[in-house]
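Welcome! Here is a short tour of the aromatic rings in this structure, meant for a first look.

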Amino acid sequence: MRNIFYYLILAVIAASCSTNPYKKSEKIYDSKLKTLKETISNKDPQPLPVIPHVEINIDTLYTKQLHTYKDTLSKMGSTPLENGVNTEWIGTVNFNLRKPNFIIIHHTAQDSLQQTLKTFTKIESQVSSHYLISDDGKVVQMLNDYLRAWHAGAGTWGKNTDINSTSIGIELDNNGSEVFSELQINSLLALLTKLKKDYNIPAQNIIGHADIAPTRKKDPSQLFPWKILADKGFGIWSDEFLETAPINFNIEQGLRIIGYDTKNLPAAITAFKLHYIQTEVNDVLDEKTINTIYSIYKKQ
């Protein structure tokens with residue numbers, strides 16, 4: 001009996017002294033996590049090609065919210081499940097931050113940069129964007145690219161039904177009825193150059209708010225120069241000489257393959273024309289519209 005008790009004591013001591021087999025990987029996990037936390041915590045203005053440096057102040061509400069996400073990211077404890085089982089934490093060494101795959105362009109539909117900044121810094125508004133570009137070309141960044149802004153709302157593109165989680169939002173200071181300034185578009189092109197390079201965003205994934213929410217939104221307006229962007233590699237455009245669509249070409253299916261939600265087909269057609277046929281923004285399916293849809297469809 002004494003021998004059994006002796007061996008039991010030895011077993012307990014051995015177990016308490018055994019090394020954690022995952023100690024090395026946990027250390028790597030902690031190191032990588034610290035680097036990623038520093039990345040999303042960075043609030044330094046980012047230089048853009050050709051664009052003058054613009055300093056902005058980040059308010060304490062942003063910082064407070066960011067700390068919440070940092071605490072969530074750092075959490076490594078056990079989590080109880082409904083069936084009574086507790087999860088066990090063993091950190092992997094293979095991870096990074098999610099990267100955005102879409103850029104959604106908006107106009108603010110407000111009268112000034114300051115009015116929009118006020119809207120985006122009020123909790124009550126529940127709306128935000130990663131970037132805001134003023135009429136004179138100044139660029140304000142309001143959120144780290146890796147974080148989820150609230151700019152797209154209930155929008156879909158293809159099978160993606162949570163655009164906010166996969167996109168960067170860019171707001172242009174414009175009330176929706178005025179021509180976009182040359183300085184503003186040049187700054188947008190500079191910003192798109194950086195973002196497309198940083199995240200390898202496909203050209204066809206640079207779209208407008210109206211594209212993802214055709215029944216609700218009209219931004220950016222029909223005055224927005226989509227062709228100029230497409231010529232620079234930020235978006236796609238129809239062929240200069242339109243090929244006649246086949247007789248059996250399914251227009252609704254073509255729009256869906258491009259990305260449009262066609263549950264309300266007239267709204268989808270109007271949104272398509274707002275982007276690609278800006279001189280005729282309506283839901284009329286004439287020959288030019290059908291052939292343009294076919295041209296864009298072939299580029300997917």
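Rings of Phe, Tyr and Trp (its six-membered ring) count as a pair if their centres lie within 6.5 Å; planes under 30 degrees apart are called stacked, over 60 edge-to-face, and the rest tilted. With that rule, a search of the whole structure turns up 10 aromatic pairs. Please keep in mind that this is a predicted model, where local features need pLDDT of at least 70, side-chain atom pairs count only at pLDDT 80 or more, and totals for chains, interfaces and linings use all residues. Residues are numbered from 1 along each chain as its sequence is written, and side-chain values use heavy atoms, leaving out hydrogens and water.

**Trp237 and Tyr276**
- The ring centres of Trp237 and Tyr276 are 5.6 Å apart and their planes meet at 45 degrees, so this pair is tilted.
- The pair links distant parts of the chain, 39 residues apart: Trp237 sits in the loop between helix H7 (226-231) and helix H8 (251-258), and Tyr276 belongs to helix H9 (residues 265-276).
- Trp237 is buried, at 19% relative accessible area (buried means under 20%, exposed over 50%, partly exposed in between, with a 1.4 Å probe and protein chains only).
- Tyr276 is also buried, at 9% relative accessibility.

**Phe249 and Tyr294**
- Phe249 and Tyr294 make an edge-to-face pair, with 5.1 Å from centre to centre and 70 degrees between the planes.
- Phe249 lies in the loop between H7 and H8, while Tyr294 is in helix H10 (residues 287-298), 45 residues apart. Helices here are DSSP runs (H or I, at least four residues), numbered from the N terminus.
- Phe249 is buried at 14%, and Tyr294 is buried at 12%.

**A cluster**
- Trp157, Trp237, Tyr260, Phe272 and Tyr276 together form one aromatic cluster.

Note on methods. Helices (H or I, at least four residues) and strands (E, at least two) are DSSP runs, numbered from the N terminus.
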